[in-house]
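Hi,

Here is the structure I promised to send over.

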Amino acid sequence: MSAKKHEQLVKLLSYHLTKMISESNGISLNYTLELMVHSEEIKGNELLQKNIAEFRRLIHGHQQGEVDISTLIGHPVAEAFFKFFKNFPLPYYEEHIHLTGSLSADFIYPRLMNLLNGKDRVLYENEIKKVYGESALPIQTIDDVDNLIRLKEGEQFNTYLKILFLPKLILNSRLAHEEAAYHMAFDLYTKYNVGNIRLKFTLSRSSSMQAESIPGLGSLTEEDVVMGLYDGFMRFKKDHPFFQFVLSPSFRKEPDFFDKSVFASKKDSFLAQVSTILKLIEKHPVLFNVMNEVDTVGDERELYRKTQFEEMKTGLRKLQYYGFSVRSHHGETWKNLRKGVQSVDNAMNIWHIDTLEHGLSLGINPNFYFQRLFQRVVELNHAETPVVPDSQEWNELNDMDWGGHPEVLQKILKGVPISSSDETLFLKTKFHSAHEIEHYQHDILNRMLHKGVSLTSLPSSNLKLTSNFSIYKDHPFSWWEKKGVKLAVGTDNYITLSTNYIQEMLILLFNDPDNLKITKLLMMVTKENRRPYISHLLWDMRKKFQPK
Ligand SMILES: [Zn+2]
């Protein structure tokens, strides 16, 4: 099919989709598609009929784990849905986006070339080689940059944190921050109908972690960063008055992530940043309208103990007394599932968080998770293969309570074949582990509901960065939704992860074709609670949308 014909098809599908969604008031995906098949207009058009039927089969196949999400996303019906969401009259709330992973290559490229053609060329090249390897150079085109800032198939969390380096290099002045904020607001609105941004960014770049020491950033102050971002967003708001934003300074939570040449402890380092924030607000009171929360980020696999949480507690408490709320990235990655739940538990108890970002450890079904683990380990054992130290299997096995039979664990770890009675013992041990953790998860989820702690869900980020589930349909969004958790949606680092806000909406819809109502999804992402108003807007779309 020619590009023009394809475009016409998508437009026509989108017209019929808009019509059906408005007439049936935004019901589930499967019902909507079923009704379309019965529509007289569509019955009379073989091409439309064929495409909708095909898409219904693909959705069904996806539920069986046989069709992957990219096949769905690339289908003309999905493109029509994209168009529909893009045209919805209310803008969306992007609730979780980081500055460094959300700048496109066309923005980075000219600024990076300025650095590479400047006097510190060698310095920059060396830093780039350290992070991306020798093959990263020379950088000559926008595509070269694009290639470096996107996560590749199979790459995971450590690579992800590292490749955010390139954007960090160019965010070297107040002006760069202003331009970055404007660029981001412009791109997200014009391409994905996002009109509300909750931006996560690093307030201060000082740190003792080597990969984070960036040349030429010595003179950049926290005020430059914050005021640059503020000015950039305000500039966009001037032409688009509906636009809203939140500046959410984010702090790396790893215990060794602070400048040891300046501070004696993580606690002192964080307190200094807290006082910087409070001074900034005092100097520019208008900032408090948009900067009244903080977030914590980083690798949490070794970060779950109470004492580790105490390090930042005093600083967070101080901010809370000044009216700040606290969000935290938790339960995103974990050493073992129990510790993944524990870290959320501690964030709630010790930090008093208002919103949990990711929270995946609360959504994994332990019975499924441990049964799969059991199957994988038994298979290894039958092949007399030892368990790789510090792998997920290793960490989970070591966390289980083996009671009076530590020798079974030792055999499994070493790849010594176990007897069938040993295997039964292993089965029982994992069964009880799963049960314990399931209980723990429900406990924490109920506490979240009780305290009104909300959860920001990041499907693509979770799928691409953790190895805890392999297909989108296993993401817990729908389960949380049924449980009544207050949910929001974010893309995390949409450029790095090669996704976008509307694509995340499509993923959520395609994952739960029977239960997630289109209207419900729209209400969630626009924060518009007046259902009749949504119906009215859908009806308006229908009136305006005429196919050519
Ligand atoms: Zn994040």
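Helix α6 covers residues 76–87, and its 12 residues should span 16 Å at 1.5 Å a residue (the expected span is 1.5 Å times one less than the number of residues). Its end C-alpha atoms are 16 Å apart, so the two agree. Helices here are DSSP runs of H or I with at least four residues, numbered from the N terminus.

Bear in mind that this is a predicted model: local features need pLDDT of at least 70, side-chain atom pairs count only at pLDDT 80 or more, and totals for chains, interfaces and linings use all residues. Residues are numbered from 1 along each chain as its sequence is written.

Back to α6: P76, V77, A78, A80, F81, F84 and F85 are its buried residues (buried means 20 or more other C-beta atoms within 10 Å of a residue's own, with C-beta atoms placed from the backbone). They pack against α1 (3–24), α4 (46–63), α5 (69–73) and α23 (501–511); a contact means C-beta atoms within 7 Å.

F85 is also touched by M505, which touches L521 and V525 too, leaving aside residues up to four places away in sequence. M505 and L521 turn up again in the largest nonpolar core, among the residues that touch the most other members of its 134 (such a core is a set of buried Ala, Val, Leu, Ile, Met, Phe, Trp, Tyr and Cys residues joined through C-beta atoms within 7 Å).

On confidence, the protein chain has a mean pLDDT of 91, and 96% of its residues reach 70 or more (pLDDT is the predictor's confidence in each residue, from 0 to 100). Over residues 207–211 the pLDDT is below 50.

Cheers

Definitions and conventions: Two residues are in contact if their C-beta atoms, placed from the backbone, lie within 7 Å. A residue is buried if 20 or more other C-beta atoms lie within 10 Å of its own, exposed if 12 or fewer, and partly exposed in between; C-beta atoms are placed from the backbone. Helices (H or I, at least four residues) and strands (E, at least two) are DSSP runs, numbered from the N terminus.
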